[in-house]
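Me: Hi! I'm new to this one, could you walk me through a part of it?

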Amino acid sequence: YYDYSCGWGVRMLSALKMRVNYYGVDPNYILVDRLNNIKNDYENTIQAKLFTDIRCAGSEEYQDDWESKFGLAFSSPPYFGLEDYKIGAQSYKEGMKYEDWLNNYFTNTVQNIYKYLIPNGNYLINIKGYKEYPLTQDAKKISEQIGFEYKESITMKNITRPSAKYDINTRSEEHTSELQS
């Protein structure tokens with residue numbers, strides 16, 4: 001399982017609980033250290049050795065040893081201009097244009113996912129547009145241009161999604177897409 005935006009570790013903990021090999025990237029070096037500490041604490045608690053490979057990198061950076069390795073890629077990537085943690089080489093830089101973010105971050109991320117997946121592997125994305133940014137539509141378009149076949153969208157029920165920059169605290173992610181290589 002490849003998590004192309006590790007975030008706060010919920011997907012990692014789910015993978016560990018289910019004994020699924022977990023690979024992930026995040027550009028926030030403090031977060032990567034803490035995720036590895038959480039993994040070690042979890043292993044100590046259950047007294048078992050589990051597999052993770054969490055790298056301090058952005059998903060737009062190609063990892064050649066991950067080519068054709070994963071059956072599943074799933075994450076909730078950073079929303080353009082909404083999530084800037086200012087630690088590490090983040091996908092968004094102050095003043096960046098949306099088109100530049102799509103071209104330099106998102107497209108490269110999806111190209112890497114396409115290379116990392118095994119034949120018939122699944123790529124899922126939890127994403128939602130906001131303000132004037134049609135993230136859902138653009139993610140689908142770019143993914144299909146790269147070679148993924150759109151399968152379906154489902155609505156994920158969330159309790160809240162906190163944000164200090166923009167009110168996206170709705171109770172659902174309206175568009176979650178599954179695409180297949």
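Predicted model: local features only at pLDDT ≥ 70, side-chain atom pairs only at ≥ 80, totals over all residues.

Me: Which elements make the β-α-β unit, and what is its handedness?
Reply: Strand E2 (residues 22-26), helix H2 (residues 29-46) and strand E3 form the unit, and it is right-handed.

Me: How do E2 and E3 pair, in the parallel or antiparallel sense?
Reply: They pair in the parallel sense, over 5 bridges. Aspartate 26, for example, has cysteine 56 in E3 as its bridge partner.

Me: And is E3 mostly covered or uncovered?
Reply: Mostly covered: of the 5 residues in E3 (residues 52-56), 4 are buried.

Me: Back to the helix. Which residues of H2 are buried?
Reply: Those are Leu31, Val32, Leu35, Lys39 and Glu43. They sit on the same side of H2, because their arc around the axis is only 120 degrees.

Me: Why would residues a few places apart point the same way?
Reply: An α-helix has 3.6 residues a turn, so those three or four places apart point the same way.

Me: What covers that buried side?
Reply: The cover includes helix H1 (10-17), E2 and E3. On the face turned away from the buried side, H2 carries the exposed residues Arg34, Asn44 and Thr45.

Me: New topic: what caps the N-terminal end of H2?
Reply: Asparagine 28 does, with a side-chain oxygen 3.0 Å from the backbone nitrogen of isoleucine 30.

Me: And what follows H2?
Reply: Glutamine 47, which has a positive phi near 55 degrees.

How values were computed. Residues numbered from 1 in each chain as written. Heavy atoms only, no water. Buried < 20%, exposed > 50% of the residue type's maximum accessible area, 1.4 Å probe, protein only. Helix = DSSP H or I, 4+ residues; strand = E, 2+ residues; numbered from the N terminus. Pairing = 2+ DSSP bridges. Right-handed = clockwise from strand over helix to strand, strands pointing away. Arc of directions from axis to C-beta. Contact = heavy atoms within 4.5 Å. Polar contact = N/O pair within 3.5 Å; in protein donor to acceptor, adjacent residues only side chain to side chain.
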